Amino acid sequence: MRLANFQLKAIADLMEAMSGPEQEIILKSCTGSGKTIILTHFMDEYGKSCFGKVFIWLTPGKGDLEEQSKAKMDKYIPLSHTKLLADVMTSGFEENDACFINWEKLTKKGNNALKDGERTNFLEHIRNAKNSGLSFIVIVDESHQNDTVKAADILQYFAPEKIIRCSATPKNYPKAHLIDIPEADVIAEELIKKMLIINENFPQNIQVENQIAFLLEQALKKQRELHSAFLQKGTKINPLIIVQIPNKNDVMQDEIERWFETRGITHENGQMAVWLSKRHENLEDIERNDAPQVAVIIKQAVATGWDCPRAHILVKLRDNMGETFEIQTIGRIRRMPEAKHYSSDLLDSCYLYTLDEKFTEGVKMNLGKGALDAATLYLRPEFKQITLTSEQKSSLTQPRDAAAALTAMAQYFTQTYHTGTNAAENRARLETAGYVFSSDIVDYTKSGAVTTMDSGKFADLNTVNIWTKLDTHTHGREYHHRVAEIALRVGLEYAQMNTILRRLFDKNTKYVNKLLTLETREVYAFVLNNAYRIKNDVRQSMAVMLDQQIIKTPSITTVEFHIPQSCLFTYDGTAKSQAEMEKNVYMGYLTSVEPRSASEKKFERFCETCDTVDWFYKNGDKGAEYFSIVYMDSFGKLKSFFPDYIISVRSKIWIIETKGGFDRTGKSEDIDIFSPRKFEVLKNYLAKYGLRGGFVREDKQSQELCICTEKYSNDIQSDDWAILTNVIL
């Protein structure tokens with residue numbers, strides 16, 4: 001399977017953290033980010049490159065999660081050595097085992113695994129493993145649920161080398177190494193929904209006869225709207241409503257079931273499901289995208305470990321549960337049913353209906369701009385005829401181009417180290433630049449005395465070289481580890497990076513631009529002795545050389561763009577100002593609009609107050625219904641660029657992209673590495689169609705918005721930047 005870029009980075013981060021000083025590693029990863037995929041691939045890579053490791057994967061007590069996680073690793077890594085607790089009790093621990101164990105089977109009173117006789121047997125298996133030279137790495141799944149004294153005792157049994165705690169809502173461990181996967185990266189890879197919409201189109205004041213009936217009516221109406229939209233897209237996804245009721249409230253449960261019966265949703269026809277501790281009904285295949293169940297009633301037990309990507313709607317009835325659990329529950333409706341977005345705000349969002357103010361506040365606090373109030377806005381009639389030409393790329397996914405990476409590395413070495421076709425001369429040039437050539441493995445330490453514990457004093461100590469004879473068995477794993485580490489950092493697989501290095505350096509592998517002609521054993525030593533330098537050169541080559549390559553542009557389709565007739569408008573209902581912006585193309589567009597960057601907010605206020613601006617439209621950031629221009633990234637892949645704004649200035653169309661500004665010292669706050677390329681693409685587009693526009697950024701020293709229209713620059717003092725009010729006159 002193809003791993004997403006953020007997943008590859010997380011695996012690389014885990015690999016590096018394993019060699020760090022901290023014993024504990026926190027993997028913070030939102031529900032739907034593929035946490036199990038990340039960890040199983042990490043275990044596979046780390047186990048291949050290190051001797052004598054056993055992984056212990058501890059899961060929460062409910063839902064047979066250990067069996068689910070084991071099954072996923074068997075699927076993702078077919079030749080992996082996976083075990084359950086029963087297997088351990090039979091055969092003990094062996095190198096490269098990945099053992100999936102339920103916490104409760106170790107901690108719960110009266111469990112079979114650790115009765116007096118069995119406890120001794122289990123602890124003996126641990127002792128036997130340690131006596132045979134094995135060490136343990138413990139992964140604590142859903143770690144927020146198992147931070148107890150009993151859990152700590154279990155960890156002590158293993159005396160783990162490292163503890164990896166993973167959760168969407170981890171507790172704070174101040175001495176741990178934190179790996180935080182940004183939620184925005186997961187959304188960008190289309191694995192989870194873009195937005196959580198809370199109480200869509202609810203009026204400011206609601207008067208209802210029955211709160212439960214009111215919420216269920218809104219949810220069912222949304223379910224039917226979603227179902228119809230999926231059918232129009234040609235996909236048979238049946239969106240699921242999750243109704244969460246308070247514990248020990250059978251009266252409410254009966255009322256909900258009776259309400260659904262009046263709408264033709266019953267247990268008898270298979271459309272009503274129940275998942276309670278003492279009652280499971282119509283749950284078979286409920287996770288299937290086209291399953292018949294329309295609604296399922298749940299309590300707290302379903303918060304962890306249940307994956308049903310077609311779940312789109314949560315009805316949360318009044319309760320007083322903790323914040324951590326609430327966010328885990330929200331995670332149940334955030335996955336995308338087909339791991340892709342549909343270019344539709346309706347289908348790319350999930351929906352919460354609740355009158356529980358405490359729950360709503362908890363969700364907003366944790367999800368921030370990912371949880372907002374929403375309303376549907378409609379385009380003002382006078383803007384329906386506005387037309388632009390939008391560019392779109394092929395929807396076919398393109399794998400990372402290993403061939404382009406090989407070419408880039410060869411060119412980078414030529415440019416940086418002046419290498420050519422003579423391998424002997426290339427070796428001399430690389431050696432001069434600091435590359436180590438030896439058939440042995442060279443390590444370094446320091447020798448001497450220091451008077452003060454000062455880092456500068458340590459740097460002055462004598463360097464001692466430690467030479468070790470190359471052992472292909474021992475060092476073969478280390479070679480794999482280093483190559484995998486380099487590959488993960490640039491978004492390639494181990495096999496691809498290994499092939500690239502062999503073609504560049506191994507005499508037994510053919511390549512027209514070969515740099516060195518080393519024997520296979522020498523390649524091992526060369527990579528191990530120069531791993532840090534090679535990693536830096538590979539990363540530089542990806543960033544610099546591929547960016548400069550001229551690659552034939554695949555065909556790009558053009559379509560006629562019209563401003564969408566309606567939009568899902570998200571805003572912060574708690575903001576003090578709720579004034580309507582009259583110059584926006586949509587009726588009811590408020591100043592409290594979210595999510596917006598500081599630059600976007602300032603630009604919108606500028607448009608609203610500038611006499612020469614007739615109107616403005618905020619473009620979407622993903623989807624065929626929005627205006628886009630196509631450009632090429634560093635690997636020759638087509639990417640869609642969605643400029644932020646289309647505006648009219650004295651009846652002339654301008655296209656504007658806003659970026660992070662310049663701080664008071666003039667330092668750039670733009671984090672988009674592709675800004676220069678996007679600027680050139682926008683400039684070419686504007687010239688082609690006779691339009692105006694540019695990039696707008698704030699100069700925080702003068703507190704002015706500035707615009708760049710001819711040449712992109714990261715120097716706010718240059719003449720390339722002009723004050724916006726002087727340009728848009």
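1. Helix H1 (residues 5–17) and helix H2 have axes that come within 9 Å and cross at roughly 45 degrees. Helices here are DSSP runs of H or I with at least four residues, strands are runs of E with at least two, and both are numbered from the N terminus. Axes are lines fitted to C-alpha atoms, for helices over the stretch in contact, and angles run from 0 to 180 degrees between N-to-C directions. H1 and H2 are therefore oblique to each other; angles under 35 degrees count as roughly parallel, over 145 as roughly antiparallel, 65 to 115 as roughly perpendicular and the rest as oblique.

2. Contact means heavy atoms within 4.5 Å. By class, the contact of H1 with H2 has 10 nonpolar, three polar and one charged residues. Ala, Val, Leu, Ile, Met, Phe, Trp, Tyr, Cys and Pro count as nonpolar, Asp, Glu, Lys and Arg as charged, and the others, Gly among them, as polar.

3. The model is predicted, with local features needing pLDDT of at least 70 and side-chain atom pairs pLDDT 80 or more, while totals for chains, interfaces and linings use all residues. Residues are numbered from 1 along each chain as its sequence is written, and side-chain values use heavy atoms, with hydrogens and water left out.

4. Confidence comes next. pLDDT is the predictor's confidence in each residue, from 0 to 100. The chain has a mean pLDDT of 84, and 84% of its residues reach 70 or more. Residues 444–448 stay under 50, and the model gives them 18 contacts beyond four places in sequence. The stretch 545–553 is also below 50 and has 24 contacts beyond near neighbours in sequence. Where pLDDT is low, the predicted coordinates should not be read in detail.

5. H2 (residues 35–49) also meets helix H3 (residues 65–76), with axes that come within 10 Å and cross at roughly 60 degrees. That angle makes H2 oblique to H3, and the crossing is right-handed. Thr36, Ile37, Thr40, His41 and Met43 of H2 touch Ser69, Lys72, Met73 and Tyr76 of H3. Four nonpolar, four polar and one charged residues make up this contact.

6. Two strands pair if DSSP finds at least two bridges between them. Strand E1 (residues 24–28) and strand E6 (residues 162–167) run parallel and are joined by five bridges, and glutamate 24 stands opposite isoleucine 163 in E6.

7. Five bridges join the parallel strands E25 (residues 652–658) and E26 (residues 692–699); glutamate 657 has phenylalanine 695 in E26 as its bridge partner.

8. Helix H13 (residues 402–417) and helix H17 (residues 494–505) pack at about 40 degrees, with axes 10 Å apart. They are therefore oblique to each other, and their crossing is right-handed. Ala402, Ala405, Leu406, Met409, Ala410 and Phe413 in H13 meet Gln496, Ile500, Leu501, Arg503, Leu504 and Phe505 in H17. Histidine 418 lies in the loop between H13 and helix H14 (423–432), and its phi is near 60 degrees, a positive value in a residue other than glycine.

Notes. A crossing is left-handed if the near helix is turned anticlockwise from the far one by less than a right angle, and right-handed if clockwise.
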